[in-house]
Amino acid sequence: FLAAYLRKMAEDEHLSVAVTDTPKTILIDYGGPNVAKPLHVGHLRSAIIGESIKRLGRYVGHKVIGDVHLGDWGLQMGLIITELKHRSPELVYFQEGDKSPYPQEAPFTIGELEEIYPAASARSKEDEAYQKEAMEATRELQQGRPGYYALWNHILQVSVADLKKNYERLNVTFDLWKKESDAQPYIPELVAYLKEKGYARLDQGAL
């Protein structure tokens with residue numbers, strides 16, 4: 001019975017899998033890496049599960065779009081910027097009045113970046129002044145301070161290049177490389193709505 005069943009499957013170019021009559025467009029977010037630190041086993045697990053679901057969905061006739069959804073916004077960026085400033089205050093990114101163009105090359109490697117974030121995170125838990133400095137750096141980045149924005153771009157370039165190599169080794173691909181920061185243009189309207197409805201509140205100085 002099994003041999004006959006497998007022969008029948010093999011004769012069908014679609015392996016006897018039924019194709020849907022009502023194809024849907026399905027978006028799957030199955031990456032979620034933080035650009036400030038390396039992938040861990042949880043990221044690898046979700047990447048494999050998501051890639052499998054994406055392929056199964058496509059095989060039965062759906063249009064399935066994979067999104068990596070990078071964690072590239074928030075306090076982790078402020079922590080990296082603050083740690084870099086403490087280590088190399090002479091860098092052009094921290095000079096207020098300097099009009100020099102920012103370098104094309106990042107002032108750190110992926111290996112250094114992977115060491116900088118844990119060091120900054122650990123220090124912020126013990127040093128309140130350092131944590132406040134990182135929070136202020138986060139705020140300035142999100143308000144578009146040029147030097148910090150340039151550093152953020154460097155972090156993205158270095159990290160994404162490394163992430164793509166690792167995902168390629170797993171044979172995992174994404175159609176979209178969307179980021180948390182892509183939502184930034186929608187924030188003012190959202191904040192206005194939350195304030196109008198009375199949902200927003202102050203927490204640690206942030207709305």
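## Confidence of the model

pLDDT is the predictor's confidence in each residue, on a scale from 0 to 100. The structure shown here is a predicted model. Over the protein chain the mean pLDDT is 93, and 100% of the residues reach 70 or more. Among the elements of the chain, the lowest mean pLDDT, 92, belongs to helix 7 (residues 187-197). The highest, 98, belongs to strand 2 (residues 63-67).

Where pLDDT is low, predicted coordinates should not be read in detail.

## The largest pocket

The largest pocket holds about 520 Å³ of space. Its lining is made up of 18 residues, and those closest to the centre of the pocket are Arg139, Gln142, Gln184, Ile187 and Leu207. Helix 5 gives the most, with six residues.

By residue type, the lining of the largest pocket consists of eight nonpolar, six polar and four charged residues.

## The largest cavity

The model has one cavity of 30 Å³ or more. The volume of the largest cavity is about 50 Å³. Its lining is formed by Val35, Lys37, Pro38, Leu39, Ile110, Glu114, Ser159, Asp162, Leu163 and Asn166. Five of these lining residues are nonpolar, two are polar and three are charged.

Helix 4 (110-126) and helix 6 each supply at least two residues of the cavity lining. The largest share comes from helix 6, with four residues.

## Serine 159, beside the cavity

Serine 159 is part of helix 6 (residues 146-169) and belongs to the lining of the largest cavity. Because its relative accessible area is 4%, serine 159 counts as buried, the cut-off being under 20%.

A polar atom of the side chain of serine 159 lies 2.9 Å from the backbone oxygen of valine 35. Leaving aside neighbours within four places in sequence, serine 159 is in contact with Val35, Ile110 and Leu113.

## Histidine 62, a buried loop residue

Histidine 62 sits in the loop between helix 2 (41-59) and strand 2. With a relative accessibility of 18%, histidine 62 is classed as buried, because buried means under 20%.

The side chain of histidine 62 has a polar atom 3.0 Å from the backbone nitrogen of lysine 24. Lys24 is also one of the contacts of histidine 62 when neighbours within four places in sequence are left aside; the others are Thr20, Thr22, Pro23, Ile26 and Gly57.

## Serine 16, a partly exposed loop residue

Serine 16 is placed in the loop between helix 1 (2-11) and strand 1 (25-29). Its relative accessible area is 39%, so serine 16 counts as partly exposed, a class that runs between the 20% limit for buried and the 50% limit for exposed.

Not counting residues up to four places away in sequence, serine 16 touches Lys8 and Met9. From C-alpha to C-alpha, serine 16 is 48 Å in space from isoleucine 187, and the two are 171 residues apart in sequence. Ile187 is among the residues closest to the centre of the largest pocket.

How values were computed. Residues numbered from 1 in each chain as written. Predicted model: local features only at pLDDT ≥ 70, side-chain atom pairs only at ≥ 80, totals over all residues. Heavy atoms only, no water. 1 Å grid on protein atoms, 1.4 Å probe; cavity = no way out; pocket = protein on both sides within 12 Å on 5 of 7 lines; lining within 4 Å. Points joined across faces, edges and corners; volume = space filled by probe spheres on them. Nonpolar A, V, L, I, M, F, W, Y, C, P; charged D, E, K, R; others polar. Buried < 20%, exposed > 50% of the residue type's maximum accessible area, 1.4 Å probe, protein only. Contact = heavy atoms within 4.5 Å. Polar contact = N/O pair within 3.5 Å; in protein donor to acceptor, adjacent residues only side chain to side chain.
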